[in-house]
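Here is a friendly set of notes to read alongside the model. Please keep the coordinates open as you go.

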Amino acid sequence: QVQLVESGGGLVQPGGSLRLSCAASGSIFAIYTMGWYRQTPGKQRELVAKIISDGSTNYADSVKGRFTISRDSAKNTIYLQMNSLKPEDTAVYYCNTNARTTFITPTTTYWGQGTQVTVSS
């Protein structure tokens with residue numbers, strides 16, 4: 001099993017910044033992707049940003065230029081630096097990874113518990 005622990009959410013004013021962290025732990029053989037999704041009530045969970053094992057990144061159009069995803073591979077940790085936050089960024093942010101726990105087990109998707117980000121004056 002792989003556990004994901006998120007931190008860094010909270011309340012921030014519009015235009016402000018927050019930094020989310022997500023650390024993966026447990027029996028990890030390989031991590032293929034790690035990323036952040038977000039969800040608001042009544043809506044589907046959507047991709048915010050992800051980083052692939054080769055270091056390439058993908059971003060939702062709505063956050064390009066404002067959010068930056070990065071990783072510390074040695075610590076199996078990713079970060080999401082969120083700048084110029086808008087009220088519409090308010091959501092529960094979930095960390096996600098696609099990983100394998102052994103050489104023979106299939107790639108499995110794991111989710112963190114989520115951290116609330118609220119952008120409001």
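The points below cover the model itself, its core, its pocket and its aromatic pairs.

1. A word on the basis: this is a predicted model, in which local features need pLDDT of at least 70 and side-chain atom pairs count only at pLDDT 80 or more, while totals for chains, interfaces and linings use all residues. Residues are numbered from 1 along each chain as its sequence is written, and side-chain values use heavy atoms, with hydrogens and water left out.

2. Do start with the largest nonpolar core, which has 27 residues. A nonpolar core here is a set of buried Ala, Val, Leu, Ile, Met, Phe, Trp, Tyr and Cys residues joined through side-chain atoms within 4.5 Å; buried means under 20% relative accessible area, exposed over 50% and partly exposed in between, with a 1.4 Å probe and protein chains only. Trp36, Leu80, Met82 and Tyr93 touch the most other members. Elements giving two or more residues to this core include β1 (2-7), β4 (30-39), β8 (77-82) and β9 (91-100). Strands are DSSP runs (E, at least two residues), numbered from the N terminus.

3. Leaving aside residues up to four places away in sequence, Met82 touches Gly16, Ser17, Leu18, Leu20, Arg66, Phe67, Tyr93 and Val117 (contact means heavy atoms within 4.5 Å).

4. Next, the largest pocket has a volume of about 160 Å³. On a 1 Å grid over the protein atoms alone, a pocket is an open set of points where a 1.4 Å probe fits, with protein on both sides within 12 Å along at least five of seven lines; lining residues have an atom within 4 Å of a point. The lining has 13 residues, with Ile31, Met34, Arg71, Ser73 and Asn76 nearest the centre. β4 gives the most to this lining, with four residues. By class, the lining has six nonpolar, five polar and two charged residues.

5. Finally, there are two aromatic pairs (ring centres within 6.5 Å; planes over 60 degrees apart count as edge-to-face). The ring centres of Phe29 and Phe103 are 6.0 Å apart with planes at 80°, so this pair is edge-to-face. Phe29 is partly exposed at 45% relative accessibility, whereas Phe103 is exposed at 61%. The rings of Tyr37 and Trp111 have centres 5.1 Å apart and planes at 70°, so this pair is edge-to-face. Tyr37 lies in strand β4 and Trp111 in strand β10, so the pair ties together parts that are 74 residues apart in sequence.

Key: Points joined across faces, edges and corners; volume = space filled by probe spheres on them. Nonpolar A, V, L, I, M, F, W, Y, C, P; charged D, E, K, R; others polar. Phe/Tyr/Trp six-rings, centres within 6.5 Å; stacked < 30°, edge-to-face > 60°.
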